[in-house]
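Here are my notes on this one, written with the charged side chains in mind. Have the model open as you read.

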Amino acid sequence: MSLIGDKPMRVKYSDSIEYKALSRLKTIRGNVLLRKDLIDLGSYRQISRAINKLLAEKKLVKIGTGIYAKAYFSKYSDIPLIKNGVDSTLREALTRLSIAYEPGSAEKEYNEGKTTQVPVRNIVRLKSRCRRRISYRNSKLIYEKNINAK
(Lines give C-alpha, C1' and ligand atoms only; values in the text may rest on other atoms or scores of the structure.)
Protein backbone atom coordinates (compact mmCIF):
# COMPACT_ATOMS: atom_id res chain seq x y z
CA MET A 1 0.00 0.00 0.00
CA SER A 2 1.48 3.33 -0.98
CA LEU A 3 0.60 6.74 0.34
CA ILE A 4 -0.62 9.62 -1.77
CA GLY A 5 -0.62 12.69 0.38
CA ASP A 6 -1.85 11.39 3.71
CA LYS A 7 -4.37 8.82 2.42
CA PRO A 8 -3.46 5.22 1.57
CA MET A 9 -3.99 4.26 -2.07
CA ARG A 10 -6.31 1.29 -2.52
CA VAL A 11 -7.15 -0.65 -5.65
CA LYS A 12 -10.57 -2.18 -6.20
CA TYR A 13 -10.42 -5.97 -6.41
CA SER A 14 -11.97 -5.88 -9.89
CA ASP A 15 -9.04 -3.71 -11.03
CA SER A 16 -6.36 -5.89 -9.44
CA ILE A 17 -3.99 -8.07 -11.43
CA GLU A 18 -5.04 -11.09 -9.39
CA TYR A 19 -8.66 -10.64 -10.52
CA LYS A 20 -7.62 -10.11 -14.13
CA ALA A 21 -5.41 -13.21 -14.00
CA LEU A 22 -8.27 -15.28 -12.57
CA SER A 23 -10.68 -14.08 -15.25
CA ARG A 24 -8.05 -14.81 -17.94
CA LEU A 25 -7.65 -18.29 -16.47
CA LYS A 26 -11.39 -18.88 -16.85
CA THR A 27 -11.38 -17.78 -20.50
CA ILE A 28 -8.57 -20.14 -21.56
CA ARG A 29 -10.14 -23.19 -23.20
CA GLY A 30 -7.48 -25.76 -22.35
CA ASN A 31 -6.07 -26.75 -18.98
CA VAL A 32 -2.61 -25.26 -19.42
CA LEU A 33 -1.72 -21.68 -18.52
CA LEU A 34 1.64 -20.31 -19.58
CA ARG A 35 3.25 -17.34 -17.90
CA LYS A 36 3.33 -15.56 -21.26
CA ASP A 37 -0.50 -15.68 -21.33
CA LEU A 38 -0.51 -13.08 -18.53
CA ILE A 39 2.40 -10.91 -19.67
CA ASP A 40 0.18 -8.02 -20.79
CA LEU A 41 -1.47 -7.64 -17.35
CA GLY A 42 1.45 -6.06 -15.53
CA SER A 43 5.10 -6.29 -14.61
CA TYR A 44 6.96 -9.54 -13.98
CA ARG A 45 6.73 -9.14 -10.21
CA GLN A 46 3.02 -8.35 -10.26
CA ILE A 47 2.30 -11.41 -12.37
CA SER A 48 4.46 -13.53 -10.04
CA ARG A 49 2.44 -12.34 -7.04
CA ALA A 50 -0.85 -13.08 -8.82
CA ILE A 51 0.29 -16.56 -9.86
CA ASN A 52 1.60 -17.31 -6.36
CA LYS A 53 -1.75 -16.29 -4.90
CA LEU A 54 -3.60 -18.59 -7.34
CA LEU A 55 -1.18 -21.39 -6.42
CA ALA A 56 -1.82 -20.78 -2.70
CA GLU A 57 -5.58 -20.86 -3.29
CA LYS A 58 -4.99 -24.10 -5.23
CA LYS A 59 -6.74 -22.89 -8.36
CA LEU A 60 -3.50 -23.58 -10.24
CA VAL A 61 -0.77 -26.18 -9.90
CA LYS A 62 2.75 -25.87 -11.25
CA ILE A 63 3.76 -28.51 -13.78
CA GLY A 64 6.96 -26.91 -15.09
CA THR A 65 8.93 -23.69 -15.31
CA GLY A 66 6.40 -21.06 -16.36
CA ILE A 67 3.78 -23.77 -16.98
CA TYR A 68 0.69 -24.11 -14.82
CA ALA A 69 -2.45 -26.26 -14.99
CA LYS A 70 -6.01 -25.58 -13.84
CA ALA A 71 -6.83 -27.47 -10.67
CA TYR A 72 -9.81 -28.52 -8.60
CA PHE A 73 -10.27 -30.16 -5.21
CA SER A 74 -11.18 -33.79 -4.83
CA LYS A 75 -14.03 -34.54 -2.43
CA TYR A 76 -11.93 -37.28 -0.87
CA SER A 77 -8.62 -35.53 -0.25
CA ASP A 78 -7.16 -32.08 0.27
CA ILE A 79 -4.86 -32.46 -2.73
CA PRO A 80 -5.53 -30.32 -5.81
CA LEU A 81 -6.07 -32.43 -8.92
CA ILE A 82 -5.59 -31.44 -12.56
CA LYS A 83 -8.73 -31.16 -14.65
CA ASN A 84 -9.12 -33.75 -17.44
CA GLY A 85 -6.25 -35.90 -16.12
CA VAL A 86 -2.53 -35.49 -15.74
CA ASP A 87 -1.31 -37.31 -18.86
CA SER A 88 -3.39 -35.35 -21.35
CA THR A 89 -2.53 -32.07 -19.60
CA LEU A 90 1.21 -32.77 -19.75
CA ARG A 91 0.91 -33.44 -23.48
CA GLU A 92 -1.19 -30.30 -23.88
CA ALA A 93 1.67 -28.36 -22.29
CA LEU A 94 3.99 -29.59 -25.06
CA THR A 95 1.46 -28.47 -27.65
CA ARG A 96 1.10 -25.04 -26.03
CA LEU A 97 4.90 -24.68 -26.04
CA SER A 98 4.93 -25.50 -29.80
CA ILE A 99 7.05 -28.62 -29.28
CA ALA A 100 6.41 -31.29 -31.90
CA TYR A 101 5.97 -34.82 -30.56
CA GLU A 102 4.33 -38.13 -31.31
CA PRO A 103 3.22 -40.99 -29.02
CA GLY A 104 5.93 -43.34 -27.81
CA SER A 105 6.59 -46.64 -29.60
CA ALA A 106 4.71 -48.72 -26.98
CA GLU A 107 1.58 -46.57 -27.31
CA LYS A 108 1.87 -46.56 -31.11
CA GLU A 109 2.08 -50.39 -31.23
CA TYR A 110 -0.94 -50.69 -28.91
CA ASN A 111 -2.99 -48.28 -31.04
CA GLU A 112 -2.08 -50.18 -34.22
CA GLY A 113 -3.16 -53.48 -32.61
CA LYS A 114 0.31 -55.07 -32.73
CA THR A 115 0.25 -55.78 -28.98
CA THR A 116 -2.31 -56.14 -26.22
CA GLN A 117 -0.09 -54.66 -23.53
CA VAL A 118 -1.51 -51.35 -22.40
CA PRO A 119 1.22 -48.72 -22.00
CA VAL A 120 1.21 -47.42 -18.44
CA ARG A 121 3.76 -44.62 -18.47
CA ASN A 122 3.33 -41.33 -20.31
CA ILE A 123 6.12 -41.58 -22.91
CA VAL A 124 6.41 -39.38 -25.98
CA ARG A 125 8.90 -39.25 -28.84
CA LEU A 126 10.03 -35.68 -29.46
CA LYS A 127 10.38 -34.30 -32.96
CA SER A 128 11.77 -30.94 -31.89
CA ARG A 129 14.16 -29.95 -29.14
CA CYS A 130 12.88 -29.78 -25.56
CA ARG A 131 14.95 -29.52 -22.40
CA ARG A 132 12.08 -28.96 -19.97
CA ARG A 133 10.87 -31.21 -17.19
CA ILE A 134 7.09 -31.34 -17.19
CA SER A 135 5.53 -33.19 -14.26
CA TYR A 136 2.99 -33.07 -11.47
CA ARG A 137 3.47 -35.00 -8.24
CA ASN A 138 4.38 -38.59 -9.23
CA SER A 139 3.46 -38.31 -12.92
CA LYS A 140 6.03 -37.00 -15.33
CA LEU A 141 6.37 -36.75 -19.06
CA ILE A 142 9.10 -39.13 -20.20
CA TYR A 143 10.97 -38.63 -23.46
CA GLU A 144 11.52 -41.90 -25.31
CA LYS A 145 15.07 -43.23 -24.98
CA ASN A 146 15.82 -40.10 -22.94
CA ILE A 147 16.43 -38.22 -26.19
CA ASN A 148 15.40 -34.57 -26.05
CA ALA A 149 15.36 -33.94 -29.80
CA LYS A 150 15.20 -35.83 -33.04
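1. Start with Glu144, which counts as buried at 13% relative accessibility. Its side chain meets that of Arg125 in a salt bridge, 2.5 Å from N to O. Glu144 sits in the segment after E11 and Arg125 in strand E8, so the pair ties together parts that are 19 residues apart in sequence. Arg125 itself is partly exposed, with a relative accessible area of 25%. Keep in mind that this is a predicted model.

2. Salt bridges with shared partners join Glu102, Lys108, Arg125, Lys127 and Glu144 into one network. In the whole structure, the search turns up 10 salt bridges.

3. Three strands make an open sheet with mixed pairing, in the order E7-E8-E11. E7 (101-103) and E11 (142-143) are the edge strands with a single partner each, so one side of each has no neighbour in the sheet. E7 and E8 (residues 123-126) run antiparallel and are joined by three bridges. Within the sheet, Glu102 stands opposite Arg125 of E8. Helix H4 (residues 105-112) packs on the sheet and touches E7 and E8, with its direction at about 55 degrees to that of E7.

4. Lys53 and Glu18 meet through their side chains at 3.5 Å, N to O. This one links distant parts of the chain, 35 residues apart: Lys53 is in helix H2 and Glu18 in helix H1 (residues 17-27). Lys53 is partly exposed at 40% relative accessible area, while Glu18 is buried at 15%.

5. Asp40 lies in the loop between E3 and H2 and Arg24 in helix H1, so parts 16 residues apart in sequence are tied together. Asp40 counts as exposed, with 55% relative accessibility, and Arg24 as partly exposed, with 24%.

6. The Arg35 side chain does reach the backbone oxygen of Tyr44, at 3.3 Å. Leaving aside neighbours within four places in sequence, the contacts of Arg35 include Tyr44, Ile47, Ile51 and Tyr68.

Conventions:
Residues numbered from 1 in each chain as written. Predicted model: local features only at pLDDT ≥ 70, side-chain atom pairs only at ≥ 80, totals over all residues. Heavy atoms only, no water. Pairing = 2+ DSSP bridges. Helix = DSSP H or I, 4+ residues; strand = E, 2+ residues; numbered from the N terminus. Contact = heavy atoms within 4.5 Å. Axes fitted to C-alpha atoms, helices over the stretch in contact; angles between N-to-C directions. Polar contact = N/O pair within 3.5 Å; in protein donor to acceptor, adjacent residues only side chain to side chain. Salt bridge = Lys/Arg side-chain N within 4 Å of Asp/Glu carboxyl O. Buried < 20%, exposed > 50% of the residue type's maximum accessible area, 1.4 Å probe, protein only.
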